Amino acid sequence: MDVIEQGVGDIFTDPDADKARAFFRGKSRKMENKVMSVKDAVAKFIHDGDYITIGGFGANRVPVAVCHEILRQGRKKLGFAGHTSTHDFQILCAGEVFDRCDIAYIIGLEARGLSPNARRYMETGKVKVSEWSNYALSVRFKAAAAGVSFYPARNLMGTDTFKYSAGRIIECPFTKTKYVALPALYPDVSAIHVHEADMYGNCRVRGITVSDFDVARASKRLIITCEKLISNEEIRRDPSYTVIPYWCVDAVCEVPYGSYPGNMLGEYFSDEEHLKEWLKVESDPAEFKAFLEKNIYGCKDHFEYILKNGGMAKMQMLRQKEMMFIGAR
Amino acid sequence: MPDYNTMELMICTASRELEDGASVGVGTGAPCAAAMLAQKIHSPNLIIVFEAGGVAPLIPEMPISVGDSRTTWKAIMASGMCEIMETACRGMLDYTFLGGAQIDMYGNLNSTRIGTDHQKPKVRFPGSGGANDFGSFCWRMMVMTPQDSKRFVEKVSYCTTPGWLSGGDSRAKSGLPLGAGPYKIITNMAVMDFEPESKRMRVIALNPGYSVKDVQDNCGFELLKAKKIVENHAPTKEELHMLRDVIDPYRYVIGR
């Protein structure tokens, strides 16, 4: 197939579907207990140099505990999929943990404003970047999940977003229409926060799934954090609720309020005051350092982080905020 | 002095573009406010979709994220990024509202960077997000932005999201879906469309109190002028009440 035009960006991960198949051939199908602490999961499954993806949507259903633990364990030289990333990106930039990034949406926290520290980090030139869009990265995960090396799409063409991507424009063999071929993205490891999981890793998600269906399947290793563990009998009682099957999953970590300070549909709303404070302290390096020491480096785990930010009283307030809203205030 | 501000004026003008039964892809902030206002005033069956997966919610109040709980409140479906963008690519999304740091005479948008070194940009912005996708696929792309010559530039320093590219038939030749593209640009001073042949931006309506000269003086390139330029009406009492008391009571968007 002829390539009509080619972006100048790098492909940070190997899109070869046969190499990926060889890896997945060796992935365990055993139904075994995968419950462990976030600390152990990060130590075991996320290594320096890995390419990682964070599930959810920025500050909605994000595995915050895993993001914090990556900083605490001092991971470096990671690759990162900047796909729908907001608060997760902000945390990872605070630890300068990655040096290459596929960009779809970074730096911003949507209506809350831009992260001064994330912006600074991305303007240093220390991070190698390729440019995409949110859907382009979703499609790249989808191709990987489907076990093919690329998928065609009709976006990007004609723009600088294409020019700085690693996409290639090809012609449809049936209609002669132009398409951008997007290379499959197989992350080394991903972390996704879900509502419920059993000890084997069968997962249930309420509300939007963003790109997690495909991210889970595309990833070579997968860490699940869940609001609560449920029994395998409950999963089998109605399998139509299962979004991620256990054989994609390597670790299951029970982390109640695991998306805090983000939103979790039907559970708790985002802590807007805390997110506002975070954006504010980033403008002052000394203040930011102290803030990170208090909230990440000086915490043993997610519970301690929550305890330092209002504990159960705060969680109850955020639960009520979400419930009042769900109940159509 | 009129009893409304710039943001309120733009939101009200934009909301009138969304007819009942149409579908629109929106982000947070002003676009969402415009869609909510349309839904509450004249388009009760407006289908609002969010890139993160929310389909046709009856949004009770301003979401802070395109993926927060409000974006699926009383929705018909909670889906995902691929479902939304595939729906758009299939041709089922009529409108989208986008924004950016810069816009040029063909409606191309920059939300990625200022400066020439891509690996070390002078100023870095968030990037495309879902903008390139909605801008490529939705039939009619609209932009709401203040009229300012720093924003309205002859050529965007980086084209994140496609407008009519370099004008004429350049967009049709690019491979992007045929027939979709920039439709209207709504500012505090005027409404612009695009001249059908050249695809250059053209003034078609003025807001109360502004002249064509005001618009041109606050634009970094030469604007075309329609043969007949109409005057928009100011926000109505009903629109302002909905916007201030129901949609954005904390003035997250209209307060600015």
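Q: Two strands count as paired if DSSP finds at least two bridges between them. In this predicted model, which residue of β3(A) stands opposite A:Tyr51?
A: Strand β2 of chain A covers residues 51–54, and strand β3 of chain A covers residues 78–82. The two pair in the parallel sense over 2 bridges. Within this pairing, the residue of β3(A) opposite A:Tyr51 is A:Gly79.

Q: Which residue of β9(A) does A:Ile52 stand opposite?
A: β2(A) is also joined to strand β9 (residues 189–197) of chain A, and these strands run parallel. In β9(A), the residue opposite A:Ile52 is A:Val189.

Q: Which residues of β2(A) are buried on each of its two sides?
A: A residue is buried if 20 or more other C-beta atoms lie within 10 Å of its own. By this criterion both faces of β2(A) are covered. One side carries A:Tyr51 and A:Thr53, and the other carries A:Ile52 and A:Ile54.

Q: What handedness does the β-α-β unit of β2(A), helix α3 and β3(A) have?
A: The helix of this unit, α3 of chain A, spans residues 64–72. The handedness of the β-α-β unit is right-handed.

Q: How many of the 9 residues of α3(A) are buried?
A: The buried residues of α3(A) are A:Val64, A:Ala65, A:Val66, A:Cys67, A:His68, A:Glu69 and A:Ile70. The helix is therefore largely enclosed by the rest of the structure, the number of buried residues being 7.

Q: Which residue just after α3(A) takes a positive phi?
A: The helix α3(A) comprises residues 64–72. Just after it, a phi of about 65 degrees is found at A:Gly74.

Q: Is A:Val281 buried or partly exposed?
A: A:Val281 belongs to helix α10 (residues 272–281) of chain A. Beyond four places in sequence, A:Val281 touches A:Glu287, A:Phe288 and A:Phe291. A buried residue needs 20 or more other C-beta atoms within 10 Å. A:Val281 has 19 such neighbours and so counts as partly exposed.

Q: What radius of gyration does chain A have?
A: Chain A has 13 helices and 13 strands. For its 329 residues the globule rule gives 20 Å, and the chain comes close to that value, so it is as compact as a globular protein of that length, with a radius of gyration of 20 Å.

Q: What percentage of the contacts in chain A between residues at least 6 apart in sequence join residues at least 24 apart?
A: The C-alpha atoms of chain A fill a box of roughly 60 × 50 × 40 Å along the principal axes. Of the 329 residues, 55% count as buried. Among the contacts in question, the share joining residues at least 24 apart is 78%.

Q: What radius of gyration does chain B have?
A: Chain B contains 7 helices and 14 strands. The globule rule gives 18 Å for its 256 residues, and the chain is close to this, so it is as compact as a globular protein of that length, with a radius of gyration of 17 Å.

Q: What percentage of the 256 residues in chain B is buried?
A: The C-alpha atoms of chain B occupy a box of roughly 45 × 45 × 35 Å along the principal axes. Among its contacts between residues at least 6 apart in sequence, 65% join residues at least 24 apart. The buried share of chain B is 57%.

Q: How many other C-beta atoms lie within 10 Å of B:Gly163?
A: B:Gly163 lies in the loop between β10 (140–144) and α5 of chain B. Beyond four places in sequence, B:Gly163 touches B:Tyr106, B:Gly107, B:Asn108, B:Leu109, B:Gly181 and B:Pro182. B:Gly163 is buried, and the count of other C-beta atoms within 10 Å is 28.

Q: How many residues does the largest nonpolar core contain?
A: Among the members that touch the most others are A:Ile223, A:Ile224 and B:Ala34. Beyond four places in sequence, B:Ala34 touches B:Ile11, B:Ala14, B:Ser15, B:Phe97 and B:Met144. The number of residues in this core is 174.

Q: How many charged residues does the side of chain B that touches chain A have?
A: The contact takes 49 residues from chain B and 53 residues from chain A. The elements giving two or more residues to the side of chain B are α3 (81–89), α4 (131–137) and α5 (170–174) of chain B. That side divides into 19 nonpolar and 23 polar residues, and the number of charged ones is 7.

Conventions. Residues are numbered from 1 along each chain as its sequence is written. Chains are lettered from A and ligands numbered from 1 in the order in which they are written. This is a predicted model: local features need pLDDT of at least 70, side-chain atom pairs count only at pLDDT 80 or more; totals for chains, interfaces and linings use all residues. Two residues are in contact if their C-beta atoms, placed from the backbone, lie within 7 Å. Helices (H or I, at least four residues) and strands (E, at least two) are DSSP runs, numbered from the N terminus. Ala, Val, Leu, Ile, Met, Phe, Trp, Tyr, Cys and Pro count as nonpolar, Asp, Glu, Lys and Arg as charged, and the others, Gly among them, as polar. A nonpolar core is a set of buried Ala, Val, Leu, Ile, Met, Phe, Trp, Tyr and Cys residues joined through C-beta atoms within 7 Å. A residue is buried if 20 or more other C-beta atoms lie within 10 Å of its own, exposed if 12 or fewer, and partly exposed in between; C-beta atoms are placed from the backbone. The radius of gyration is taken over C-alpha atoms; the globule rule is 2.2 Å times the number of residues to the power 0.38. A crossover is right-handed if, with the strands pointing away from the viewer, the path from the first strand over the helix to the second runs clockwise.
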